[in-house]
Amino acid sequence: MPRFVQENARPAFMSIALHGLIVAALILAADFSMRKPQAEDQPLPVTATVVDSRIVRAALTAKQDAARAAAQQQAAKQLQAEKQIQAQKELEAEKQREAQQQRELAQQREAQQQLQARQQLEAQQQREVQKQREVAQQLEARQQHVAREHQRVLEAQAAAAAAKRAAATAAAKRALQAAAAKRLAAAKRAAAAQADLRRQIAAEEHAQQVASGPLADQYRAALQNRIMHAWIKPAAARAGIDCLVEVTQVPGGEVTNARVTKCNGDDAVRQSIENAVYRASPLPEPPDPSLFDRKLVLEFKPDE
């Protein structure tokens, strides 16, 4: 049996017993009043009616049963009311417990929220501290970098100044050496120019002497004789041929070009003379190197 039924059954039973005692008392009182003798000093006319005792007992029993039923019904109603009151109390108590649980849950949620808020605040503070530490480290690193860069700039400036001084010293030294070398080269060029001039003058004097001497005549005669021996006289050639031929040679006497310029012969004669020059190649070397000339103008007179 549930606890609240046990707690409520005892008062209900007591109430039913009380109502039963009250009904019994009423029945006894009624029975006593019915059996009380009338006063002898007040005789009344009597109308006698014979009543069976069983009928009286049945009526009393019915009345007692009705009273007991009413008492039981009243007790049941009271029990029901008490049960309803107890159920209402229990419902209120359940509501209060639920409200208490809701309040406790709300308090727990609020405490949890406060804890989370504190944790978030602490985490935020830790992040701020970490951020400040990182900013400080970055600032210190930047300051160190700036200091190193400043030191590097100072060292670079000092190195550049030293290099500039060294370069200026080296440039001045090179300038002095260049000036000395330039003066020496100028002196050498002047000496070489003087030597070349002396050699040129000497060569010109020697060439003039050779050109006006017998060696030049011998060289020219040798050239003419070589060409004359190489000439094949054409059938239409007349006596008294007199022509000038321009000859281009390279060192060693090899002929590179031959052209008759002035001639009293016909085209066959002119062509035969040019062919003779080519056949005479290489031409004789001069007896003196100063007589060599790349371009020669020779006179061709086969009758002489």
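Helix H4 (residues 267–279) has 13 residues and should span 18 Å at 1.5 Å a residue, which agrees with the 18 Å between its end C-alpha atoms; the expected span of a helix is 1.5 Å times one less than its number of residues. Helices (H or I, at least four residues) and strands (E, at least two) are DSSP runs, numbered from the N terminus. The model is predicted, so that local features need pLDDT of at least 70 and side-chain atom pairs count only at pLDDT 80 or more, while totals for chains, interfaces and linings use all residues. Residues are numbered from 1 along each chain as its sequence is written, and side-chain values use heavy atoms, with hydrogens and water left out.

The secondary structure comprises 4 helices and 3 strands, in the order α-α-α-β-β-α-β from the N terminus. Of the 304 residues in the protein, 16% are buried, where buried means under 20% relative accessible area, exposed over 50%, and partly exposed in between (1.4 Å probe, protein chains only). The protein exposes about 23200 Å², of which carbon and sulfur atoms supply 57%; accessible areas come from the Shrake-Rupley method with a 1.4 Å probe, and for residues only the protein chains shown count as cover. Among contacts (heavy atoms within 4.5 Å) between residues at least 6 apart in sequence, 68% join residues at least 24 apart.

In H4, the buried residues are Val269, Ser272, Ile273, Glu274, Ala276 and Val277. Their cover includes helix H3 (214–230) and strands E1 (243–249), E2 (255–263) and E3 (295–300). In E3, Leu296, Leu298 and Phe300 make up the covered face, whereas Lys295, Val297 and Glu299 make up the uncovered one. Strands E1 and E3 run antiparallel and are joined by 6 bridges, two strands being paired if DSSP finds at least two bridges between them. Within E3, Leu296 stands opposite Val247. E1 also pairs with E2 in the antiparallel sense, over 7 bridges, and Gln249 stands opposite Val255 in E2. E1 and E2 form a hairpin with 5 residues between them, and Gly252 in the turn has a positive phi of about 105 degrees. In the loop between H4 and E3 lies Pro282, which is joined to Ser281 by a cis peptide bond with omega of about 0 degrees.

The whole structure contains 7 salt bridges, each defined as a side-chain nitrogen of Lys or Arg within 4 Å of a carboxyl oxygen of Asp or Glu. In one of these, the side chains of Arg97 and Glu94 meet at 2.3 Å, N to O. Both residues lie in helix H2 (residues 53–211), 3 residues apart, about one turn of the helix. Arg97 counts as partly exposed because its relative accessibility is 44%, and Glu94 counts as partly exposed at 33%. Asp196 forms a salt bridge with Arg199, with the closest N and O atoms 1.9 Å apart. Because Asp196 and Arg199 are 3 residues apart in H2, about one helical turn separates them.

A further salt bridge is formed by the side chains of Lys301 and Asp242 (3.7 Å, N to O). This pair links distant parts of the chain, 59 residues apart: Lys301 is in the segment after E3, and Asp242 is in the loop between H3 and E1.
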